[in-house]
Amino acid sequence: MKKTTFIVLSLIAFQTSAQKIVQRDPVIEQLVTQVNSDSLKSHILKLVSFGTRHTLSTTTDKKKGIGAARNWVLSRFQEFAKQSEGRMTAKIDAWVLKPDGKRVDKDQDMGNVMGILKGTDPTDDRIFLVSGHIDSRVSNVMNRESDAPGANDDGSGTATVIELARVMSQAKFPATVIFLVVSGEEQGLLGADYLAQKAIDEKWNIEAILNNDIVGSNNSNETRIIDNTRVRVFSEGLPVFELDKKAASIRNMGQENDGKARQLARYTKEIGERYVDNLEVVMVYRNDRFLRGGDHTPFVNRGFAAVRVTEMNENFEHQHQDLRTEKGTQYGDLPEFMDFEYLRKNTAMNLATLANLAKAPATPQNVTIDTKSLTNSTTLFWQTPKSAGKVKGYYVLVRETYQPFWQKKIFTTKNGINLPYSKDHYFFAVQAVGEDGNESLPILPKVGM
């Protein structure tokens, strides 16, 4: 075994928030300023103009239906690709959907719109993906004829993806970023399920998925209280994929709150709040809301790190509703019930997270914790990433076992560290740090000797 040099740090007070010791990357900061609320509003209004975007609506009409809407999104991606110096390409990944006896009653041409911003490092095969769903609906999930504006559900998520493609296509990232607009969410997460299985079959190295679904309104229909300074991120704590094989190790390490999705949620909170002022990223310790589902779930079910981003308080008068007025209340998912400044902040939070991930090196390898002897300290080992980016050093993350967020970031240039914190009392993780200070996702240690 290669000899490792350790450093011992004196015990100092924990900081209340780990991001306080990290500076903003000026490149990411500048990109965040380019996210524009008027631009987002224009995307929403265009999406609404297609009348309905129901999954089973027409795909041949040039002005109405989901086919026309998909083609418009493709045209936007193609336009953005012109400013990417050849790095970005766009396509509709198409297939034919067969009746399922549930929410699909006929053969239907399907398609996910994809903008692929290729990474600049030829040795880096990592993919970071951001998604929203283009399909909309009214009260009857099978009604493909009535107008279904879908301004917020999920025009807001689709507009977020389009705006991210507009801004990020001008920048260079070592890793690949995919801007994904899926179809079929309202009929059963069909487009996401199709792509998640394709990613497995073709062995895509997807490290993180941010799914945006209903991110553009600021109030509850029950309280009428405006809340445009907080956004929810839903994440699963345990890995549903092959949990039976991992359960013993998770229990031994006490890592029930530290699955891939939960780590991504913590990362999203730290980076999002670092770059977007007046926005709190609220972590919700569930995969999704009650009685609802989202396009991150097919990825979670296959072992990928995926989270759902959703506005803080949903207004159910403007979701899954026929357009109508009853007792003075306007029902329907219309643009006038949205807050485009709030949508801007949520989009900027996505951008900061994606950009920081795509600029960071790959994660450290073989992170282990030494448990061979009884001590009141902790020794960690890890190996440099095999490829994907130059590593300036590493952050060792520390938190008390009952704390929800990482409390401390300790920087080292070594591949091992000895800390005056008992392994019995704390959780640890390691991030690789690039030359510009961008951090990889955290990797929790396994037991090693």
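In this predicted model, helix H4 (residues 155-168) meets helix H9 through a set of side-by-side residues: Ser156, Thr160, Glu163, Leu164, Val167 and Met168 in H4 are in contact with Leu343, Thr347, Asn350, Leu351, Leu354 and Ala355 in H9. The axes of H4 and H9 lie 10 Å apart, and the two helices pack at an angle of about 55°.

Helix H2 (residues 37-48) and H9 (residues 340-359) have axes that come within 8 Å and cross at roughly 105°. Since angles of 65 to 115 degrees count as roughly perpendicular, H2 is therefore roughly perpendicular to H9. On the H2 side the contact is made by Ser37, Leu40, Lys41 and Ile44, and on the H9 side by Phe340, Glu341, Leu343, Arg344 and Thr347. Here the residues divide into four nonpolar, two polar and three charged. Leu343 and Thr347 of H9 are named in the contact with H2, and Leu343 and Thr347 are also named in the contact with H4.

Now turn to a sheet. Four strands form an open sheet with mixed pairing, in the order S15-S12-S11-S17. Its edge strands are S15 and S17 (446-448), each of which pairs on one side only. From one strand to the next, the twist averages 30°. At one end of the order, strand S12 (residues 378-383) pairs with S15 in the antiparallel sense over four bridges, and leucine 380 has isoleucine 417 as its bridge partner in S15. At the other end, strand S11 (residues 365-370) pairs with S17 in the parallel sense over three bridges; there, isoleucine 369 has valine 447 as its bridge partner in S17.

Finally, visit a loop. Histidine 296 sits between strand S7 (280-284) and helix H8 (297-300). Is histidine 296 buried or exposed? Its relative accessible area is 0%, so histidine 296 is buried. Beyond its neighbours within four places in sequence, histidine 296 is in contact with Asn211, Asn287, Asp288, Ala306, Val307 and Arg308.

Definitions and conventions
Residues are numbered from 1 along each chain as its sequence is written. This is a predicted model: local features need pLDDT of at least 70, side-chain atom pairs count only at pLDDT 80 or more; totals for chains, interfaces and linings use all residues. Side-chain values use heavy atoms; hydrogens and water are left out. Two strands pair if DSSP finds at least two bridges between them. Axes are lines fitted to C-alpha atoms, for helices over the stretch in contact, and angles run from 0 to 180 degrees between N-to-C directions. Angles under 35 degrees count as roughly parallel, over 145 as roughly antiparallel, 65 to 115 as roughly perpendicular and the rest as oblique. Contact means heavy atoms within 4.5 Å. Ala, Val, Leu, Ile, Met, Phe, Trp, Tyr, Cys and Pro count as nonpolar, Asp, Glu, Lys and Arg as charged, and the others, Gly among them, as polar. Buried means under 20% relative accessible area, exposed over 50%, partly exposed in between (1.4 Å probe, protein chains only).
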